[in-house]
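This note sets out a few points for a reader meeting the structure for the first time. Please read them alongside the sequence and the model.

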Amino acid sequence: MSKSSLLILPGDGIGPEVMVEVRKIIDWFGSNRGLDFDVTEDLVGGAAYDAHGTPLHDETMTKALNVDAVLLGAVGGPKYDNLDFSLKPERGLLRLRKEMDLYSNLRPAQCFDALADFSSLKTEVVAGLDIMIVRELTSGIYFGEPRGIITEGNERVGINTQRYTESEIERVARSAFELAKRRGNKVCSMEKANVMESGVLWRQTVDKIHQADYSDVELSHMYADAGAMQLCRWPKQFDVIVTDNLFGDILSDTAAMLTGSLGMLPSASLGAPMENGRPKALYEPVHGSAPDIAGQGKANPIACILSFAMALRYSFDEGVEADRLEQSIESVLSKGARTHDLLGVEGVTPLSTSEMGDAIVEALTDSM
Ligand code: NAD
C-alpha cells in the first residue's frame, strides 16, 4: 500500500469538467489497486482570481511545493482577457512552473491505433507511434539577456539572446537519459551546432554526460531543422528527443499533431528530485480551457487522464498501472467510443465527457 500526495488544480473552463473524470479514475485505483492517494484540491487561474484576487494564492503555491505531484486542468477564459498582465490566469501557471523550477518538459506523441486515421500523415507512419520530446523549459532564448527592442540610428532592433549554462544543459540531458532507460533506451539530442555556439556547448555537454553516466543508452545528434523533417518523414525512428526551449516548443507541437486531437495530449513538467527522490512534478493536458465548449459536456477528458497516467509512471513509479490505464483508453477507443473532437465517421454518436470517463473506468475494471 502506498500513500502519495497529489494536489489537484482544476482551473477554468473545461478544466473542472475533465478533472471530475480524473477523480473517477483516481478513486478506481484507490478501491481496486491499493493506490491510496492523499488528494487535496485547490484553485488556480481565473477561479483563484475570482476567489482571492490573484491567479495563485501563496497558500496554494506552498501546497504545490510540498506534495509529490500537482495535476492541473487548464486556465484562462475571455472573462479575464482585460485583466492586468500580472493578474491573468496564465500567471498562476507560470508561477507554479517557475517556483517549482520545472526545467524538463515532457511531451509524449503517442498514437493510439484506433485514431491513426486522425493524423495528417499516412496511417503506417503514425500507427503505434510512441515518442517523447524533452524540452528544456526554464532557460534559453525566452529568458536570455540582453533582450528588448532598441533604436539604432533611424530604425528599431528587436533583440533576444540564446544562453545556456553547462549545468542547465546537464540537468535536462540527465532527465532525458533517465527517461530513455524506462523506455526504448535511445536519446536523440537536437540543436543547431552548425551555426550556434550555444548548440556546440549543448552537444559537447550532452556527450560528456553520456560518456560519464549513460553510455548504455544509445545517443545520436541531429540538427533541429533536420529533426523537424525526420519527425514528419519517419517519426518512429525516435524514442526520446532532448532539445532546448525554442526548438522544443516547435518540435513538440509538430510531434503532437502527428497524433490527431488536442483532446488527447498530456504533458509533464519535472524539476529536481525532492528529498524522497521523486522529482518535483506538474502534470497537465496540453489543451487550454476551451471556452467555446465549456459547460456543454463536450470536452474530451483523455488528455487529462493521460496526464494522470504520466504521474503514475514518473512520480509514483507505478508503470504497470500507467500501462493498464493507457491500455484501457486504447480499448475504449478501439470499440469506437468517441468524444466530439474525435468525430469524423458519419453515424457515430459522441460520448459526453462523463460518459467517456465512465467507459474508461469500465475498461479498467475489465482489465482486472
Ligand atoms: P484551447 O486548447 O482551449 O482550445 C482550442 C480548440 O480545441 C477549441 O476549439 C477547443 O474547443 C478544442 N479543445 C481543446 N481541448 C479540448 C478537449 N479536451 N476536448 C475537446 N476539444 C478541445 O486553446 P485556445 O482556444 O487558444 O485558448 C482558450 C483559453 O485557454 C485561453 O484563455 C488560453 O489562454 C488558455 N490556454 C490555457 C492553457 C493551459 O492552461 N495550459 C493552454 C493553452 C491555452
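**Salt bridges and nonpolar cores**

1. Glu284 and Arg97 join through their side chains in a salt bridge, at 3.0 Å from N to O (a side-chain nitrogen of Lys or Arg within 4 Å of a carboxyl oxygen of Asp or Glu). Glu284 belongs to strand E12 (residues 279–285) and Arg97 to helix H4, so the bridge ties together parts 187 residues apart in sequence (helices, H or I of at least four residues, and strands, E of at least two, are DSSP runs numbered from the N terminus). Glu284 is buried at 6% relative accessibility, whereas Arg97 is partly exposed at 25% (buried is under 20% relative accessible area, exposed over 50%, partly exposed in between, with a 1.4 Å probe and protein chains only).

2. The model is predicted: local features need pLDDT of at least 70, side-chain atom pairs count only at pLDDT 80 or more, and totals for chains, interfaces and linings use all residues. Residues are numbered from 1 along each chain as its sequence is written, and side-chain values use heavy atoms, leaving out hydrogens and water.

3. The structure holds 26 salt bridges. One of them pairs Asp50 with Lys79, with the closest N and O atoms 2.9 Å apart. Asp50 is partly exposed at 43%, and Lys79 is exposed at 61%.

4. The largest nonpolar core has 66 residues, among which Tyr283, Phe308 and Leu325 touch the most other members (such a core is a set of buried Ala, Val, Leu, Ile, Met, Phe, Trp, Tyr and Cys residues joined through side-chain atoms within 4.5 Å). Helix H10 (residues 302–314) gives this core its largest share, 10 residues.
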